[in-house]
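Biologist: I would like to go through this structure feature by feature. Please give the general idea each time, then the case here.

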Amino acid sequence: MLSPAGPKADSVAVLWWILFWISVAVSVVVIAMMLWAALFRRKETTVKHDSGQRFVLVLGVAIPAAILIGTFGLSVGGIAGNADPPTSTQVTIEVTGHRWWWEVRYPEAGFATANEIHVPAGTPVRLRLRTADVIHSFWVPELMPKIDLLPRRVNETWFSADHPGVYRGQCAEFCGTQHSHMAFSVVAQPPAAFQAWLDQQSAPVTAPDTEQERQGLAVLESSSCATCHTVRGTEADGDLGPDLTHVGSRDRLAAGAIPNTFGYMAGWVSNSQTVKPGNLMPPQQLTPDELRAVVTYLQSLE
Amino acid sequence: MSASWVLPERRVAEAAVGEVLDEVWEEEPGLKGWVTTVNHKRIGRRYLVTAGLFFALSGIQALVMRTQLIGPEADVVSPEVYNQLFSLHGTTMIFFFATPMLFGFGNFFLPLMIGTRDMAFPRLNAFSYWVFLMSGAFMFASLPFGVAPNGGWFAYVPLTADFAPGLNIDFYTLGLLFLGVSTTVGAINFIVTALKMRAPGMTLSRVPLFVWGVVTTSFMVLFALPPLNVANLMLFMDRRFETKFFAPEHGGDVVLWQHLFWIFGHPDVYIIVLPALGIISSVIPTFSRRSIVAYPLVVLATVATGIISFGVWVHHMFAVGLANVSLTFFSAATLAITIPGGIQMLAWVGTMLRGRIVMTTAMLYSCGFIVAFMLGGVTGVMFAVVPFDQQITDSYFVVAHFHYVLFGGAVLPILAGLFYWWPKMTGRMTSPRWGIWSFVLVFVGFNLTFFPMHISGLLGMPRRIYTYEDGLGWNAWNLAATLGSYVLAVGLLLTVAIFAHSLFRGPRAPDDPWGANTLEWATGSPPKHYNFPVVPTVHSLDPMWDGKTLQTMETHRHDDERTMTEEHMALRTSELDGRFEAVMPMPSDTPVPFVVALAMLAGFTALLFSAYVVAYVATAMVALSVTWWLWHRPGVE
Amino acid sequence: MTTLQSRTTAASAVRPDRQAPERPAGHTTAWWGMVLFLSSEATTFACLLASYFYVRFADPGPWPPATAPPPELFWSSLETGALVLSCVPMAVAVRAAKGGRRGALVLSQVVVWLLGAAFVCFQVLDYVVTYPESTISEDAFGSLSYTITGLHTVHVIAGLLMVLVLIASTAVGRLGKRRPEPVGIVALYWYFLAALSVAVYLVVYISPYW
């Protein structure tokens, strides 16, 4: 949050620096008085026996009250400033928290992905947040403060990224064993690139090109993969785990836990418990050939 | 030092009635006496030792966690164990260390400070200690079996309801309900003692600030614990009997838990801190050689804090997505509670600025406290600013903030209090030279541990994560915090060594080694069972300094109503102006409180393992033993 | 052993200047203990009743839920009436204790006990006769209704135990004119139960009809 990259985080960063300098000033004054007494009033012979009420009333009531009223102004201003986006939103994204990954749905384009939220840079995006199980909290420090995802409720908010870039987000409400590995990334792209990404993601997968990929698709459809995962354009239509339709295009796997490479993905598929202990995907009983085929296929789904 | 070895006034008083009182108040020796005692000083000492032990256990958990976070992707403990460690650390530090430790000081010193012979309900006092000990053992027993609470100290539903199989959360709900009994009756005991048993002449405007702190805290306990108990009862029933309080698909609501928890949770911060501030308000005047500045304002501030703290709980829920109008209200209330804090802070500094400072170990810790509490206070104000709170809540910045408030605002005062009152409790002095080392190591270690957490929080590190990736800029700050925690551990070990050394080798302490202002220093070091041979008449806020109060221990030494030599007795005085009302008979040693607590332990253990028949039997046992207890009222036999 | 009263008088005889009238009678420690305990208990029930309304207004559906039967008023009105009525003999008992009338004290306490026992019986009848089908685990409405009434009933049962101890103490002469205090303390608890029963009745049984 010290390097804000969007209007919401900007305004909080400004607040922070104001609060920081007020705090420094107040602390320095009080601590200096204490230290002065502790260091220089030890040989003192004149103990003052007045009541000292005025000292406390001025320094401990009047001045703090003035500062606090100012701070309240900041707080109210901040609440009002964050309520609505500066311009109308073009894109709505529905995010659903799961233990321990993020489902990201683009209702207008009609597809879902996971743990990677692409947005057009420079325009506000509307977020609709819900949870599939326990309470999570959506937080992208460089872009926006956090907001919780609660059962039976939908929280709506907005954010925007000023410039193209990748911003890290993470679940901020303790949600169980793998709360630590529940990250996501916000990828802000120039509007044209974002549109291209949308078009590419909303298309179903095409038929596999190579023999090994065909074998991988067969494994995917016939094994337990298909009961939990969806790959649009194939028979895999499970909805417990992340949508894998264009999984090859993603940068990281398992909600940020590992990079999306052949080796890591193979390790994940064969036994994800060694990578992210306690996650809800069971180890897969696949032969080395099957494993190689299915990972090759998944990696090809750009 | 102005103090002579034994205060001359006490010498005269002891000469008159000490021998008779010794006999009347003598306790049963050996194991039997150990179980049956109702003496507030023994119980207070036990509270301090037991809470200190829980602090050590909980601190070791923290060291394991810090070691796990020393660098990215470390593998010291598994995620499941880490989650249990932080949950148990928070729960036990708050419930089983901080509050009981301060209750220990209250038990030992509140009756001494107000000039009486015991707490209002000595048997209830023994009971509340046994329940505290047993509920603590109950809670800690979960860890070795790998079923410690694992939902964080605020145990949000539904994570702790449908998504947490196993006994972990049952240990949490039952352990806290069990402990709640102890805390509630302890609070009632403090309030009644302070209201009805102050020495004659101790009007409300002469009550020591530590007593005000303990009493305000006790009132808060009475109104803050019920919401927690109700929440835990509901959660236990949701888990065991499939009630639907927190089940969203059956009309229940998960945010209800958060409201109930934080209506308790925020006042609880002040429940912990107010007695600790009271310790500071005892230490600073003594070592500034003058009365506290602006006493009426400090009293007002203490009470105001207690009241306002019930109106700020929603600032823990700013990220839930509540209506803006409620955010605005709770933002204002949270800012308002800063004012009483400011009053107290300036009263301490003002007292120092107007006095002559005597630098002892207790005073060093008090100065360290002022620095730490100042920093914890200003970061607290930041959380009142709603958008900032939403950005930084549940990050390491929060962890830093509340450790400045709770370690800085409670543990440092507790250490100040231990060094201050150690001679009174044990009759031995501690080494001032080693005291400096204790302070330096603890203070440096504390800051090195917790200051970097502000920065890692600002850099986006959420709390309650068992590990983190490389390359996020968090490594250096976490390394520093971990090293700091080791320094802190060394400092605390050294402190324990100082006390141990003093206990066996320390020089003997006189009655009033510091030239202090309040009545506990008018007793022996350590005090006799009966505290005061002759109950004095209090003439001012600083009875040791006014030159009249001590005199009354001599002048009243032939007055039956002040010496009460026939059996266990204490004075009852009026609530507001401390006027004499009656001489009350007080109970003596009894094993019944221990038996009741034991039966309750059996009951709660039975509930844990769903052995409901055993639970019924235990309930009947409790009812029977309580009947026995009420039957044997003092003064009836 | 000399009694307290005579000792106090003896001390006053020595120094007549410190005798009443300026000595305030004052509340005893036990009175304060009970009052503080009850304020905590009242807070507990306030939290439960507040939770009732919180859940009611957070739930978008009808209240009580369509599947749950609306509360019946017959047994609940009877039980509340019985407990409120029992305050009268309780007040008689307090006066009897102060006046040292042992017979009246025992008699009034027995009437209190019977009315309290009637409360518990009516409550149980309410559970089993009126709603044989519904359970505490059906929905949040059932959980709240049963928990609030159940916890109150548990408190009444504890009160019955206290009254029983009082009756026994009176019978063996441990209570009476010189030590009337326990009766007053138990009465405080009993009045609290009665007031609470009205609050519970209004919230659990009447408010669903609003």
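Biologist: What percentage of the 637 residues in chain B is buried?

Modeller: A residue is buried if 20 or more other C-beta atoms, placed from the backbone, lie within 10 Å of its own, exposed if 12 or fewer, and partly exposed in between. In chain B, buried residues make up 66% of the 637. This is a predicted model, where local features need pLDDT of at least 70, side-chain atom pairs count only at pLDDT 80 or more, and totals for chains, interfaces and linings use all residues. Residues are numbered from 1 along each chain as its sequence is written, with chains lettered from A and ligands numbered from 1 in the order in which they are written.

Biologist: Which residue marks the bend in helix α14 of chain B?

Modeller: A bend is the angle between axes fitted to the seven residues ending at a residue and the seven starting there. Helices are DSSP runs (H or I, at least four residues), numbered from the N terminus. Helix α14(B), residues 396–426, bends by about 45 degrees at Y420(B), and P423(B) follows within four residues. Just after the helix, G427(B) has a positive phi of about 80 degrees.

Biologist: Why is α14(B) described as largely enclosed?

Modeller: Because 30 of its 31 residues are buried, the rest of the structure largely encloses α14(B).

Biologist: How many residues of chain C are in contact with chain B?

Modeller: Contact requires C-beta atoms, placed from the backbone, within 7 Å. By that rule, 35 residues of chain C touch 43 of chain B. On the chain C side, α2(C) gives the largest share, 15 residues.

How values were computed:
Helices (H or I, at least four residues) and strands (E, at least two) are DSSP runs, numbered from the N terminus. Two residues are in contact if their C-beta atoms, placed from the backbone, lie within 7 Å.
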